[in-house]
Amino acid sequence: MNNLASVVTLGSYFSSELFETIGKSYKFIKYISNEWIFVLINKKEISLFKEYVERNKSIFQGLEIKYDFCSEGIAKSMNRGISITKNHWILMLHSGDYLKQDLNIFKKTRDILQKQKHNDILVFGSIYKNINANERKSNHFKKFKLPYELSIPHQSTFIARKVYEQLNYSEEFLSSMDYEFFLRCKLKGFNFKSVPIYTTIYTLGGTSSNLSVSVKEMKLAIRKNIKNKLFRFYLANINLNIIVLRKLLFKYLYFTNFSKLRTYFDKIKLI
């Protein structure tokens, strides 16, 4: 029953983040998946990575490893990886992110993936971690209201193959392609189900953590997809501005050494 999901990882052979994802995730991936796809930067990296896999057969035992390469952006790389998967569920687990190291969680996850095959999108929880090892859990379980929230935790969301057969990630977006994708899924009527289990550690940083870029692209996604519904369009934009202020405060205060401030914002649930 470990053929329920395919895992797609984007990264570079020359980045330590790729090997962190592998080293911390492979034991737990085997509970839910027999297929791991790696999308690297170029053909040379594929050759080097194949040699690495050959040297570390014990790590990948029981997993079918597939390779592709793409140097034309994250969205296109994601689409390339998805195109060579074969299982019912697909999980995007990018370099630097890794599965929570708890076997019981993935025993439960395996059962849920099996029982929930009729659903389109299963949204598990993520734990966000910064370079100082400060952690924060995603709170989408009570605020799962696209397009009025920033997004859902993509790295812990399992998406059914039938969804990807109708939609892919827009290559127009550099940062918020997941938000725009989920927005289109919502508008198209795909079923979302939240599962209150935290499966993934998400490391803060990179393009997706740049608020100014992300918000600019999220507003573009709203304009493109719901511009014909004026009330909803303006409500979404206003709410996004409020969320941005909350997120800026959170990033500035929560990820500092001011433990009292972190405790205070935990209590009032700023995010």
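**Salt bridges, pair by pair**

Guide: Glu 180 is buried, at a relative accessible area of 2%. Buried here means under 20% relative accessible area, exposed means over 50%, and partly exposed lies in between (1.4 Å probe, protein chains only). This is a predicted model, where local features need pLDDT of at least 70, side-chain atom pairs count only at pLDDT 80 or more, and totals for chains, interfaces and linings use all residues. Residues are numbered from 1 along each chain as its sequence is written, and side-chain values use heavy atoms, with hydrogens and water left out.

The partner of Glu 180 is Arg 184, in a salt bridge with the closest N and O atoms 2.9 Å apart. A salt bridge means a side-chain nitrogen of Lys or Arg within 4 Å of a carboxyl oxygen of Asp or Glu. Arg 184 is also buried, at 17% relative accessibility. Both residues sit in helix α7 (residues 177-188), 4 residues apart, or about one helical turn. Helices are DSSP runs (H or I, at least four residues), numbered from the N terminus.

Now helix α1 (residues 16-29). Lys 24 and Glu 20 both lie there, 4 residues apart, about one turn of the helix. Their side chains meet in a salt bridge at 3.1 Å, N to O. Lys 24 is partly exposed, at 27% relative accessible area. Glu 20 is partly exposed too, at 28%.

One further pair is Lys 57 with Glu 54. The closest N and O atoms of this salt bridge are 2.9 Å apart. Lys 57 counts as exposed, at 53% relative accessibility. In total, the structure holds 8 salt bridges, these pairs among them.

Conventions: Helices (H or I, at least four residues) and strands (E, at least two) are DSSP runs, numbered from the N terminus.
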